[in-house]
Amino acid sequence: MTTKQVLSIILLSAGTSIGSMWAYNKINTQTTYQYPVGDSGKLPSNYTGFFDGMNNGTPPSDFTQAANAAIPATVHIKTKATRMASNNLPRRNPLLDLFGFDFDEGFGGMERAIPQMASGSGAIISEDGYIVTNNHVVDGSDEINVTLNNKKTFKAKLVGSDPSSDIAVIKIEAKGLPFLLYGNSDDARIGQWVLAVGYPLTLETTVTAGIISAKGRTLDINRRQSNSPVESFIQTDAAVNPGNSGGPLISIDGKMLGINSAIASPTGTFAGYSFTIPVNIVKKIVADIIKYGSAQRGYLGINYAPDGLSDEQKEQHGVKTGDGVYVMEVVKDGAAASAGIKSGDFIEKVNDVPVQSGADMVGQIAIYRPGDKVKISYRRDGKLHDVNVTLRNSAGTTEIGRSAILEKLGADLETLSKKDAADLGVKGGVTVKKVKPGGIFERSKIQDTYVILKVNGQDVKTIDEFRKALENSGVTAKLEGIYPGYEGIYPYPLRLN
């Protein structure tokens, strides 16, 4: 079976939100940050007596203790959302065309709002109600409801999400909740037993067992959802089905190893392989979301040779053969360029951890924030060099706390030049260069070339002003702008969560 055929059978993630399968990269065992949620040192009630039989190093004899610890801390998430759907009327009306009336513009294609229900799982990570789940479980929801294992129900609010890693954090108002302890996904070994816990196929809490069958799986499916995709699943054969999305993967010592996110299947239901976001990735994203409202991602600033190139492809693209990751291009004024890394170098280590592929390297970088320094070991002309690189954000600075809202819009944006602003007779604005699939702009029917002039009645003249206006908008925002060559102001309401 070819790689293309294998990828073609990667279907819907284990949740019910169609078209959202996500992943994240394998990361360094040394973490720079202290994670305030789940690492408090306090043993939650669901672990009472769990470690008594392990004080002498004796492991559990079966899965009952791990299951009993995980079940109370695994929740059922149900969401409500409004989707727009066509009523199947013709897109254009011939009679109205006779009078020069544009049916699409006049009636918006006669779309109607359709309520949609969805279901997934989540893992409680603090006694005061923080819950981690998949972004695709709650993305676009108008209402999020959480049911605990004891049948108590709560309304939840979205704290923040990271589409690139398919992680979201929600919160319920409660105290003294059972919660899961973080494990260490870098210590996970191929062949070890694991449990998948969740609410599959609308069933009540379900526990399945399997083994870790691979680590660092890259499916190349995240690129359609993010400009900075990073993929490195833990692969298991624990049965996972629609509804399991966002539920935890548990080691037999009762700790969370990751969040279940996707399946590979020719049918849409479990067929032997499920994929989990490693917990070391999860807790970094959770810490960012709780502290900053969005994931803080540091960038090295290089383009590297894709993994798995054949010798013929390497020759065609001028890629040299060697150990590590081949640097094809260095971004001008980026972090790597400032540290002296050049095209043609081989990156062999990140913070003394060997990297054999691009996924390895990006995964090692992924746990750090803009402004952090990482040690990069690269080989040039047969000689190994070590250099400290200060990572930067996507805007090319070391600033942290920048919102991910622009990425969620799903578009390439550009500040309107002074000349173009004068030609259009406006003071300034932001041009939508290209709308991408799956983002807020696509769902709102915004088209390429749209020039954004106002957000909630406030003038915006630059991308930074636009970003700040959206950050202050809350759940919804109203855009006003123009299309060059067309008369009038075009308003668009946006749902930002």
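## Overview

The protein has 13 helices and 24 strands. Helices (H or I, at least four residues) and strands (E, at least two) are DSSP runs, numbered from the N terminus. This is a predicted model, in which local features need pLDDT of at least 70 and side-chain atom pairs count only at pLDDT 80 or more, while totals for chains, interfaces and linings use all residues. Residues are numbered from 1 along each chain as its sequence is written, and side-chain values use heavy atoms, with hydrogens and water left out.

Of the 497 residues, 49% count as buried. Buried means under 20% relative accessible area, exposed over 50%, and partly exposed in between (1.4 Å probe, protein chains only). Among contacts between residues at least 6 apart in sequence, 65% join residues at least 24 apart. A contact means heavy atoms within 4.5 Å.

## Confidence

The mean pLDDT of the protein is 82. A value of 70 or more is reached by 80% of the residues. Over residues 1-36 the pLDDT is below 50, and this stretch has 125 contacts in the model beyond near neighbours in sequence. Residues 86-110 also have pLDDT below 50. That stretch has 23 contacts beyond near neighbours in sequence. pLDDT is the predictor's confidence in each residue, from 0 to 100. Where pLDDT is low, the predicted coordinates should not be read in detail.

## The barrel

Six strands close into a barrel. Their order is S7-S8-S9-S12-S11-S10, and the pairing is antiparallel. Neighbouring strands of this sheet are turned by 45 degrees against each other on average, direction ignored. Axes are lines fitted to C-alpha atoms, for helices over the stretch in contact, and angles run from 0 to 180 degrees between N-to-C directions. Two strands pair if DSSP finds at least two bridges between them.

Strand S9 covers residues 233-236. Phe 233 and Gln 235 point one way from S9, Ile 234 and Thr 236 point the other way, and all are buried. Three bridges join S8 (residues 206-217) to S9. In this pairing, Thr 236 of S9 is the bridge partner of Ile 212. Three bridges also join S9 to S12. Here Gln 235 stands opposite Phe 275 in S12.

## Around S10, S11 and S12

S10 (residues 248-251) and S11 (residues 256-264) run antiparallel, joined by three bridges. Ile 250 stands opposite Met 256 in S11. Helix H6 (residues 279-292) lies across S11 and S12 (273-278). H6 runs at about 45 degrees to S12.

## A covered helix and its strands

Helix H9 (residues 358-365) is mostly covered, with eight of its eight residues buried. Among them are Met 361, Val 362 and Ile 365. The buried residues of H9 pack against strands S13 (302-304), S14 (325-330), S15 (346-350), S16 (353-354) and S17 (373-380).

Two of those strands, S15 and S17, pair in the antiparallel sense over four bridges. Val 350 has Ile 376 in S17 as its bridge partner. S17 also pairs with S18 (residues 383-390), in the antiparallel sense over eight bridges. Lys 375 stands opposite Asn 388 in S18.

Most residues other than glycine have a negative phi. Asp 381 has a positive phi of about 55 degrees although it is not a glycine. Asp 381 sits in the hairpin of S17 and S18, which has two residues between the strands. Its relative accessible area is 78%, so Asp 381 is exposed.

Leu 201 likewise has a positive phi of about 55 degrees and is not a glycine. Leu 201 lies in the loop between S7 (193-198) and S8. Leu 201 counts as partly exposed because its relative accessibility is 43%.

## Other details

Ser 119 is found in strand S2 (residues 111-124). Ser 119 is buried, because its relative accessible area is 16%. A polar contact of 2.7 Å joins the side chains of Ser 119 and His 76. A polar contact is a pair of N or O atoms within 3.5 Å; within protein, one must be able to donate a hydrogen and the other to accept it, and residues adjacent in sequence count only if both atoms are side-chain atoms.

Helix H13 covers residues 463-471. Its buried residues are Phe 466, Arg 467, Ala 469 and Leu 470. Seen down the axis of H13, these residues fall within an arc of 165 degrees, so they line one face of the helix. The arc is that of the directions from the helix axis to the C-beta atoms.
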